[in-house]
Amino acid sequence: HRKYVGQKRFSLEGNESLIPALDALIENAAEQGVEDFVMGMAHRGRLSTLTNIFGKSAKDIFSEFDGKDYEQEVFDGDVKYHLGYSSEIVTEAGRKLQLTLAPNPSHLEAVDPVVEGIVRSKIDNYIHDEGKIIPILIHGDASIAGQGIVYEVVQMSQLAGYRTGGTIHIVINNQIGFTTNYIDGRSSTYCTDIGKVTLSPIFHVNGDDVEAVVHAMKLAVEYRQKYHQDVFVDLLCYRKYGHNEGDEPRFTQPTLYKAIASHPNPRDIYIEKLIGE
C-alpha cells in the first residue's frame, strides 16, 4: 500500500480472519488424516494466503511487484494474483502436507471445476481415498451468488463420476461486489443459499470474532470427514479499501465507508478481548 501505490493487490484488510480460518482448517484436517489440499480462490487475499499459509516468501512476492521475474512478453499487467503455487508444509504436530493453489484468471469462479478435477484425478490415480484430500474453494459473496458455474459444480458434488468427497467452501463475504451493495446483487437472503440445493450445512460466522471463525472451521472439517459432503462457511466481514486501487469507495458508499474507517481490525479486536480477560 505504501511502496507500490496504485498497484492492484486486492487487499484482505477487513477479511483478515480468513488466515486463521485456513490455518485451523489445515491443522485440524491433518489431525484427521488429510495429507493433501487443493485450493481455488479469486484475487482478494491471495497474496496473504500465499505468504501466511503456503509459505511463499514475501521477497518473491515483492520481486513480482517489481516485475523482475516476468520480463518475457507473455506476462503482462496483473499476472501476480492469477498465479498458482504448490508447497509442502509441516503442521504443528509434525505432519507433512501437500498444498496446491490453482492458478485463476479473472472470471473468478472458473477455477471451481478445475480444482475439483485436480482432486478427482488425484483420488483416481494414486490417493484412492477421499478422506486424505480436501478441495477448498474460497468465494466472494458477489461471485458465489452471481456466477452460474457455482450451481453446476455444487450439483455435481455427489455424482459418481465427479464426486471428490465433499468440498469446503469459504466465502469472503465483504458485503459488496465492486461497487454494488449486496441488497442489489442477489434475490436470496444469503449469498450461500446455493448450498441449500444439496442440503449442505452452512455456517454464518462473524469475521471479527476470530475464535468463532476457528470453531466454525473445525466443525466444517469434522462434518466433511464424517459425511463426505460439501459444507459452507460464510465469513461475514467487510472490505477496508476499494475493490482495487482505482476505486474510491467513499464516492459510492460514503456512509458505509465512514463506519469502516473507524472500525478496528480483527487482530486489534482480539488483542483487546485478551487484555480484557
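1. At roughly what angle do the axes of helix H4 (residues 111–127) and helix H6 (residues 148–155) cross, and within what distance do they come? In this predicted model, the two axes cross at roughly 25° and come within 9 Å. Angles under 35 degrees count as roughly parallel, and H4 and H6 are therefore roughly parallel to each other.

2. The residues that bring these two helices together can be named on each side: Asp112, Pro113 and Glu116 belong to H4, and they meet Ile149, Val150 and Val153 of H6. Sorted by class, this contact of H4 with H6 holds four nonpolar and two charged residues, with no polar residue among them.

3. Turning to open space, the largest pocket holds about 680 Å³. Its lining is made up of 22 residues, of which His1, Arg9, Leu47, Ser48 and Phe62 are the closest to the pocket's centre. The elements that give two or more residues to this lining are helix H2 (46–52) and helix H3 (58–65), and H2 gives the most, with five residues.

4. A pair of aromatic rings is described by the distance of the centres and the angle of the planes. A search of the whole structure finds two aromatic pairs, and one of them is formed by Phe54 and Tyr85, whose rings are 6.4 Å apart from centre to centre, with 75° between the planes, an edge-to-face arrangement. This pair links distant parts of the chain, as Phe54 lies in the loop between H2 and H3 while Tyr85 lies in strand S2 (residues 85–90), the two residues being 31 residues apart.

Notes
Residues are numbered from 1 along each chain as its sequence is written. This is a predicted model: local features need pLDDT of at least 70, side-chain atom pairs count only at pLDDT 80 or more; totals for chains, interfaces and linings use all residues. Side-chain values use heavy atoms; hydrogens and water are left out. On a 1 Å grid over the protein atoms alone, a cavity is a set of points where a 1.4 Å probe fits but cannot get out, and a pocket is an open set with protein on both sides within 12 Å along at least five of seven lines; lining residues have an atom within 4 Å of a point. Grid points are joined across faces, edges and corners, and a volume is the space filled by probe spheres set on the points. Helices (H or I, at least four residues) and strands (E, at least two) are DSSP runs, numbered from the N terminus. Axes are lines fitted to C-alpha atoms, for helices over the stretch in contact, and angles run from 0 to 180 degrees between N-to-C directions. Angles under 35 degrees count as roughly parallel, over 145 as roughly antiparallel, 65 to 115 as roughly perpendicular and the rest as oblique. Contact means heavy atoms within 4.5 Å. Ala, Val, Leu, Ile, Met, Phe, Trp, Tyr, Cys and Pro count as nonpolar, Asp, Glu, Lys and Arg as charged, and the others, Gly among them, as polar. Rings of Phe, Tyr and Trp (its six-membered ring) pair if their centres lie within 6.5 Å; planes under 30 degrees apart count as stacked, over 60 as edge-to-face and the rest as tilted.
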